[in-house]
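Hi,

Here is the structure I promised to pass on.

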Amino acid sequence: MRLPAPFCHILLCILLFFCTSTAFAKDVLKLGVLAYEDKDSVAAQYAQVVNALNERLTSVEIQMEVLSQQELNSRVEDGSIDIVTTNPVHYLLLRHRYGLSRLLATQVKAIGESATPLLGGVIFTRGDRQDINNLQDLMARTIACPGRYFLGGFALQAHELMHAGIRITDWAKTILELSDHDEVVQAVLKGQADVGFVRTGVLEALFQNGLLRPQDIKVINARQYRGFPFLVSTELYPEWPVAAMPHVNEGLRHTLTATLLGVQFSNPSSNTSYIAGYTLPLSYDEVEEIMLELKFPGFNALEIFWNDMLRLNKWHGYLMLGGLLLICCLVLLLGLALLNATEEKRRMQAMLNGMPYPGLLVNREHRIIAINAAARELFNAREGAYCWEQLWHYEFLPEDQRKHYECHGPNSNMCCSFCRSEDALNTGKTVHTELFIRSRYWDSWWVPIDSSIFLHYFVDITEHKNKEKQLKEAHNFLRTVADTVQDMIWVKDLQGQYLFTNKAHNDILFRLPDQNEVLGHDHRFFAERIRAERPNDNGWYSLDQTCKDSDAIVISTGKPYRSKESGIVFGKYLCLDVIKVPMFDENGRLIAVAGSARDITEDERLRKEHEELQKRLQQSAKMEAIGIMAGGIAHNFNNLLQVITGYAQLLAQRIPAKDEVARRGFSQILQSCERAAALVRSLMAFSRKNEYVSTELNLNNEVLNVQKVLKDTIPKAITLETDLEQRLWTVKADSIQIHTVLFNLINNARDAMPEGGVLRIATRNVSLSGPPEGQEETSAVTTGTSSLAAGDYVLLEVSDTGCGMTEETLQHLFEPFFTTKGINKGTGLGLSSSYGIVKAYGGEIFCNSTLGKGTRFEIYLPAVSRKSLPMNGNQSSMEPVLLTPQTKGKTILLVDDEEGIRSLAKQALESAGHRVLEAESGEKALEIYKTSAKEIHLVILDLNMPGMSGHVCLQRLLEMDMNARVLVASGYSDKGMEQTVLSQGAAGFLAKPFKLDILLKKVDEVAAD
């Protein structure tokens, strides 16, 4: 049935109006200008632009409106503005929010004789500021700027600082936002701000107008660019853009661009910012990157992405709507063409030519009925060619692309375009395929018109495919980055189900073969599955509950949360440093929880060890300080004992022999002094640090010496018993170290008996042919071998009836810093040091202990000889003696800061027939020796004196007289001290407290030499 001709004409007019409605030019174009100053001033500056355009444009009239940013946004949104000129930042916001069309031109600014389409940021300070010379000096300074959202007045400077590792929002003490650039300059010159931010050209304009001198300011991070005439501290970026709205047709846009590029404007001398002309549009992508990095309002990457996608989808919707309308019209026209071949063919050809896409009509026999100009251009075919040719005879296609139209059979892996057309005709539904023709990607659509005709058209999707490829590459890159990071990274939804995990997260927590298997499940799902692998091991996996709790905190508070999460993972303890942050959508709604975690198990172990070691080192430092104090006390106590024992000896010589009571009394005094001296020697042994000298010892003597000290130190509730073998074999050791071992063992025994008990010390000779009898059956503990070589040993046994020790304590008994005592009650070094001393002498130490019954330590030391040294521990060497010197008549210089010691020694020496000169200090001694050196036969010199020390005094005396005879006396009486002073040139050494007969004997020896 043939439709009436008028009806066809009406339909054709509607179609042509729809296709070409946007191509008609407007008589009036509205130019929207951003008012960056007062509107009148801006209107005056842009009047010359509008006039120049209207003079050169004959088909349109440009009308200018100066608008605020909010007004300009509104006019762009409702489409009542055709052309927009604004600053780069605002232009980018308009482009993303309202789909502003492509650029027409970029403005060229001029100052004086210089013009440039680029701008930058200037960072400057006052010229006399010597403390600000580079970007690092800007830390914690007051900054003045014309506004935080100015490109040249703030953003470029902040971006430059950020790339130098400095975030201005993190450290800026104060940011002064002023009304314009001139106020910024004045604020810096007046000292109201340390640093100023302005755009390029501002300073030069002030120089030109005589309002500022170059020496008044100093530019920080100054840069030079070839052809750029202004001072600058940053990279350069494009000036103000001019852009057209999407409804302005392409031809008019080209005309506007050409007109703007051809106009030259004069520069008004009354302004600091001028319009010199326009240049080809520059790229503003780098400006957008800066705004994104600085997180300017409106520049959110996610928001921009969604806006772009929404616009893209809207565009596709319009295209599809237009396409459907065109298809409907084509179907109608094709129906008419069947009734009137010539007229209908012409109409269909016109319709195809009006399509924006390459298209062709194909009949049931797959012959081409019509082909439009775009399709001919795509296939490089002349007009009229290939009509009524079969579809698969596209000989004009390159050989490598013909496969898209060659039929390989319905079951072939390559479904050709011909087969897809059959599908469209058979089903009556639109069929879609993708083709690659002439180095571009195309969407190929087969649209059935009726049962015998269908439309085949192409949509260029190359850009879409390229973006799709870029997105895929970006996704793969981000996945690679995430999987390369050693820290665990994940994202969960609000129900705790995983949306994303990286490789480290999967490897550490789940060990799944497929990393994507974790997606869609929560932590508890895998925890239960992992625990099911070891149903009898409750500690095989226990991290899920702590994860759940910390997720709940982030969801409830909406704030980041950092914590340490620990538990057992696959049977091993794991400690994680976890940071979880909430994720919000563009509406501020919480949608997920993102987290990262670092394995700090080893760090935590080392930290705890460090803290424990720190505590022990502090305790060791206390003990060393006590040792130093003990050494000082011992030295001073030696001086007191020297006076007591010396005068006791002098007085004892004057007592008649028949006065036995008095002599016994003086003997008791001297014996008490001996015990005090032994106590002092113990203090000295505790504080000294010299190397110990091993000699042959009878351990019985060391036990007796220690026993004397213990009688006054251990609690009365503890009974001290000794069982000493009378003919004990000798060992080679240092007396002080043996004392150390005994004191350490006795201290432990004392602490084990807080309410009293029996402390027993025994010695005996032991001859072994192997390990001690029954040793393997006891709970003896050693850190080395528990066997002893065959031979002779001396056994030193220390036992108590205290609380005893557990089996676990026995296993760690000799480890350094191990102690079961409370805080500040033990260092854990006593038994370990005792163990080291015994092992150093080739011996062994064993411990047998029963909880609640007591402890016994057995020390085996190799016997040097089976001979026995006499026991002298109870003998007194402080009996009253007669002073019988061998030499007399010597002049002796006595140097000591203690008056009591000088008086005692003077009486003893004068009673022996010597002349005594006294000096209370080293300085006084040098004065006396300088005037009486020829008369002085001997100098008795104390080492520890205030002012000049004895060592220095000895050196000065020998410098004055290399033959000077000096007898050094000191309360520090260890072997190391004696060797030191003798090596320095002393003639002899006398240890305090000394007996008077020993003093006279030393004087005889040194004076005789």
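Below is what turned up, going from the whole chain down to one strand.

A word on the ground rules: this is a predicted model, where local features need pLDDT of at least 70, side-chain atom pairs count only at pLDDT 80 or more, and totals for chains, interfaces and linings use all residues. Residues are numbered from 1 along each chain as its sequence is written, and side-chain values use heavy atoms, with hydrogens and water left out.

**The chain overall**

There are 29 helices and 36 strands, taken as DSSP runs numbered from the N terminus (helices are H or I with at least four residues, strands are E with at least two). Of the 1009 residues, 46% are buried; buried means under 20% relative accessible area, exposed over 50%, and partly exposed in between, with a 1.4 Å probe and protein chains only. The chain exposes about 51700 Å², with carbon and sulfur atoms supplying 52% of that (Shrake-Rupley method, 1.4 Å probe; for residues, only the protein chains shown count as cover). Among contacts (heavy atoms within 4.5 Å) with a separation of 6 or more, 67% are between residues 24 or more positions apart.

**The cores**

A nonpolar core here is a set of buried Ala, Val, Leu, Ile, Met, Phe, Trp, Tyr and Cys residues joined through side-chain atoms within 4.5 Å. The largest one has 66 residues, and Ile-62 and Phe-197 have the most contacts inside it. Helix H5 (residues 151-163) gives the largest share of this core, six residues. Beyond its neighbours within four places in sequence, Ile-62 touches several residues, including Leu-29, Val-50, Ile-83 and Leu-256. There is also a second, separate core of 38 residues, with Val-703, Leu-728, Val-731 and Tyr-835 among them.

**Strand E8**

Strand E8 (residues 142-145) is covered on both faces: Thr-142 and Ala-144 are buried on one side, Ile-143 and Cys-145 on the other. In a regular strand, side chains alternate between the two faces of the sheet. E8 pairs in the parallel sense with strand E9 (residues 174-177) over four bridges, where pairing takes at least two DSSP bridges between the strands. Thr-142 sits opposite Thr-174 in E9. E8 also runs parallel to strand E10 (residues 195-199), joined by two bridges, and there Ala-144 stands opposite Gly-196.

**Cysteines**

How many disulfides are there? With the cut-off set at a pair of cysteine sulfur atoms within 2.5 Å, the count is zero.

Cheers
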